[in-house]
Amino acid sequence: MFDELVAANDRYAETFHLGGLSGQAARGLAIVTCIDTRIEPLAILGLAPGDAKIIRNAGGRATSDALRSLALATALLGVRAVVVMHHTRCALAGASESELRAALPEAVAGALPNPLLAMPDPDAALRGDVATIRSCAALPTEIATVGWRYDVDTGRIAQIVPQN
Ligand SMILES: [Zn+2]
């Protein structure tokens, strides 16, 4: 598998066109989203490489590490607006923390730190993540934030939390 990836990179580099691109977010945007393989964050929102910082974790949650990345991206890399983009049919949505933990192999569940950040109420989780970002002391108060849910079956986003 890895050999195929290295070979694909050879082909990619032959026509590489992103050299010299700035590390600043050209559109001033950061997107916090899930690791889900069905999500193409740039394409979904009409963006190109260089436009936005993409911060991904399971669920697209406003974890301490997501906040660390947002703070650095805002202070150093030109980010002025944040989209928190959860999605439909997320493995973390619709189950309680204990239900999600019970679905894991026992050794895995036992070795994982709490919490798994399950989303029994997906809208509440999305509102909570946006609120966490809005109240983060490491982020400027004028940063614009929204909470959207991407539908993996239609490709459309639903606006759940309006801009502040
Ligand atoms: Zn997900």
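Colleague: What makes strand 1 and strand 2 a pair?

Modeller: This is a predicted model, and the pairing is read from bridges. Two strands pair if there are at least two bridges between them. Strand 1 and strand 2 are joined by six bridges. They count as a pair because six meets that cut-off. The two strands run parallel.

Colleague: Which residue of strand 2 stands opposite isoleucine 31?

Modeller: Isoleucine 54 does.

Colleague: How do the strands line up in the open sheet?

Modeller: Five strands follow the order 2-1-3-4-5, and their pairing is mixed. Neighbouring strands are turned by 25° against each other on average, direction ignored.

Colleague: Why do strand 2 and strand 5 stand at the edges?

Modeller: Strand 2, residues 52-57, has a single partner strand, and strand 5 likewise has one, so one side of each lacks a neighbour in the sheet.

Colleague: How do you know that strand 4 and strand 5 pair, and in which sense?

Modeller: Count the bridges again. Strand 4 (residues 144-150) and strand 5 (residues 157-161) share four bridges, in the antiparallel sense. At least two are needed, so four bridges are enough. Tyrosine 150, for example, has isoleucine 157 in strand 5 as its bridge partner. The two strands form a hairpin with six residues between them. In the turn, glycine 155 has a positive phi of about 85°.

Colleague: Which helices lie across the strands?

Modeller: Helix 3 lies across strand 1, strand 2 and strand 3, at about 170° to strand 2. Helix 6 lies across strand 3, strand 4 and strand 5, at about 160° to strand 4.

Colleague: Why is arginine 149 called buried?

Modeller: Its relative accessible area is 14%. Buried means under 20%. Arginine 149 is therefore buried, since 14% falls under that limit. This residue lies in strand 4.

Colleague: What makes the link between arginine 149 and aspartate 123 a polar contact?

Modeller: Their side chains come to 2.7 Å. The limit for a polar contact is 3.5 Å between N or O atoms. The pair counts because 2.7 Å is within that limit. Beyond its neighbours within four places in sequence, arginine 149 also touches other residues, including His86, His87, Leu126 and Ile160.

Colleague: Why are Cys34, His87 and Cys90 called donors of the zinc ion?

Modeller: Their donor atoms are SG of Cys34, NE2 of His87 and SG of Cys90, lying 2.0 to 2.3 Å from the zinc ion. A donor must be an N, O or S atom within 2.8 Å, so these atoms qualify. Their spacing in sequence is C-x52-H-x2-C. Cysteine 34 is in strand 1, while cysteine 90 is in the loop between strand 3 and helix 4. These two cysteines are 56 residues apart and link distant parts of the chain.

Colleague: Are cysteine 34 and cysteine 90 buried or exposed?

Modeller: Cysteine 34 has 5% relative accessibility, and cysteine 90 has 8%. Both values are under 20%, so both residues count as buried.

Colleague: What makes up the largest nonpolar core?

Modeller: This core has 20 residues. Those with the most contacts inside it are Leu70, Val79, Val82, Val84, Ile133 and Leu139. Strand 1, helix 3, strand 3 and helix 6 each supply at least two residues. Helix 3 gives the most, with five. Among the contacts of isoleucine 133 are Leu67, Leu70, Val82 and Leu139. A second, separate core has 19 residues, including Ala52, Cys90, Ala118 and Val152.

Technical notes: Residues are numbered from 1 along each chain as its sequence is written. This is a predicted model: local features need pLDDT of at least 70, side-chain atom pairs count only at pLDDT 80 or more; totals for chains, interfaces and linings use all residues. Side-chain values use heavy atoms; hydrogens and water are left out. Donors are N, O and S atoms within 2.8 Å of the metal (3.2 Å for Na, K and Ca); water is not among the atoms, so sites may look incomplete. Buried means under 20% relative accessible area, exposed over 50%, partly exposed in between (1.4 Å probe, protein chains only). A polar contact is a pair of N or O atoms within 3.5 Å; within protein, one must be able to donate a hydrogen and the other to accept it, and residues adjacent in sequence count only if both atoms are side-chain atoms. Contact means heavy atoms within 4.5 Å. A nonpolar core is a set of buried Ala, Val, Leu, Ile, Met, Phe, Trp, Tyr and Cys residues joined through side-chain atoms within 4.5 Å. Axes are lines fitted to C-alpha atoms, for helices over the stretch in contact, and angles run from 0 to 180 degrees between N-to-C directions.
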